[in-house]
Each structure stands twice: as structure tokens, then as C-alpha cells.
Amino acid sequence: MSEKLTVRPYGNKVLVVEIDKEVSSAAQLIVLNSGMGSDNRFVKGLVKAVGDPTPNIAGILIDPKINVGDVVVYNRHNALEITHQQKKYKIVPYHEIQAVLDEDV
């Protein structure tokens, strides 16, 4: 039942599928309607793949503790949108992920 992805994010990036805004849940109402502006700049997404961490300036690998299957909040304007095999994905740098939510999709 799991799909085989043919897209892998490179380095300190995460491959995300934006979660449909029509799905209602208490967490989504907080994220999308908590004074973040009418443009809904911050959105929820489901992590499909995680790239390998790259070392910081000191040469230390930082583990972002983001896993495949996590639901994350990120800034949609700082994500690269790609379409691959008729599916839309977002590539988001680790540092653009604002929160990991404890919920199932």
C-alpha cells in the first residue's frame, strides 16, 4: 500500500505534500486562522521523504528530528513547488519547518 517515491530531497530538505485545507480539525483551525494573515502563509503538510542532514559551519550534523509521516507546519512561500508524475510536492528546508504536529492524516 505504500507508494514508491522517485523523488528524494537533497541535503537538509524535506519533501512534503500539502494537506488539503478543506479537512477540518481543531489543530488546522488554529494553524490557518490564528492571526497569521488572510493569505494562509503557514500551511500543514505530510512529510513524504527527508534528505540527509548536511554539516553546519562547525562540521556538526544536526538531526532535525523530522520523520516520514510527520505532519508539519511550514511557510508555503519559502517552499519550492515541483510536479513529478502528476503529483505536486513541496521541497522545504529544515529551518522553514515551524512545528511538528501530533496528529494522523
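Start by selecting Thr54: leaving aside residues up to four places away in sequence, Thr54 touches Gly11, Asn12, Ile60 and Leu61, where contact means heavy atoms within 4.5 Å. This is a predicted model, in which local features need pLDDT of at least 70 and side-chain atom pairs count only at pLDDT 80 or more, while totals for chains, interfaces and linings use all residues. Residues are numbered from 1 along each chain as its sequence is written, and side-chain values use heavy atoms, with hydrogens and water left out.

Thr54 is partly exposed, at 38% relative accessible area (buried is under 20%, exposed over 50%, partly exposed in between; 1.4 Å probe, protein chains only).

Thr54 sits in the loop between β2 and β3 (strands are DSSP runs of E, at least two residues, and helices runs of H or I, at least four, numbered from the N terminus).

Next, select β3, residues 71-75: 5 of its 5 residues are buried. Val71, Val73 and Asn75 cover one side, Val72 and Tyr74 the other. In a regular strand, side chains alternate between the two faces of the sheet.

Now show the neighbours. β2 (residues 42-50) runs antiparallel to β3, joined by 5 bridges (strands pair if DSSP finds at least two bridges between them); look for Gly45 with its bridge partner Val72. β6 (residues 97-101) also pairs with β3 in the antiparallel sense, over 4 bridges, and there Val71 partners Leu101.
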